[in-house]
Amino acid sequence: MALSIRVNNGVFEMTGRLTSDNTNQVIKYFKIILKMNTRIKISLEKLDTIDMTGILKLKRLSKYAKENGVHISFLSAPHAKINTTLFGSGITLSTFNASKYSA
C-alpha cells in the first residue's frame, strides 16, 4: 500500500509503508509542517511497515524539530512489524519522544 498522510484531530496519521522509497518526500513534507507549528504529533499506528531508513529519517526529523524549537512526538500502538524494526535499530518510541530528540 502506498503511503498516505492525513490529519485527524491534529494528529498526522501515516498509513501504508514508510520505506526508503518515500522517506525523503515524507521528511520534506514534515519540515514544511514544522515551520508552521510549534507542536506536532505523528502517529505510526496505521503504518503497515517501516524500514530502517524510515526509522533513521524520523530520528533526524526529531533532531531537526528540536533545533528549530518545535516539539514533535510519535505515537504508536503495539505493532509487531514496527516494534521489531524499532528494536532492531536500538531505537524506541521512548527514545524518539525523549527530551534529547524533541524540544
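The count comes to two salt bridges, a salt bridge being a side-chain nitrogen of Lys or Arg within 4 Å of a carboxyl oxygen of Asp or Glu. This is a predicted model, in which local features need pLDDT of at least 70 and side-chain atom pairs count only at pLDDT 80 or more, while totals for chains, interfaces and linings use all residues. Residues are numbered from 1 along each chain as its sequence is written, and side-chain values use heavy atoms, with hydrogens and water left out.

**Salt bridges**

- Glu-13 and Arg-6 meet through their side chains in a salt bridge, with an N to O distance of 3.7 Å.
- Glu-13 also forms a salt bridge with Lys-46, where the closest N and O atoms are 3.4 Å apart.
- This second pair links distant parts of the chain, since Glu-13 belongs to strand 2 (residues 11–18) and Lys-46 to strand 3 (residues 39–50), 33 residues apart; helices (H or I, at least four residues) and strands (E, at least two) are DSSP runs, numbered from the N terminus.
- Through shared partners, the salt bridges join Arg-6, Glu-13 and Lys-46 into one network.
- Glu-13 is buried at a relative accessible area of 11%, whereas Arg-6 at 47% and Lys-46 at 42% count as partly exposed (buried means under 20% relative accessible area, exposed over 50%, partly exposed in between, with a 1.4 Å probe and protein chains only).

**Strand pairing**

- Strand 1 (residues 4–8) pairs with strand 2 in the antiparallel sense over five bridges, where pairing requires that DSSP finds at least two bridges between two strands.
- Val-7 has Phe-12 in strand 2 as its bridge partner, and in the hairpin of these strands, which has two residues between them, Asn-9 takes a positive phi near 55°.

- Leaving aside neighbours within four places in sequence, Ile-42 is in contact with residues including Phe-12, Phe-30, Leu-61 and Phe-74, contact meaning heavy atoms within 4.5 Å.

**Ser-43**

- Ser-43 lies in strand 3 and is buried, with a relative accessible area of 4%.
- A polar atom of the Ser-43 side chain lies 3.2 Å from the backbone nitrogen of Glu-45.

Definitions and conventions. A polar contact is a pair of N or O atoms within 3.5 Å; within protein, one must be able to donate a hydrogen and the other to accept it, and residues adjacent in sequence count only if both atoms are side-chain atoms.
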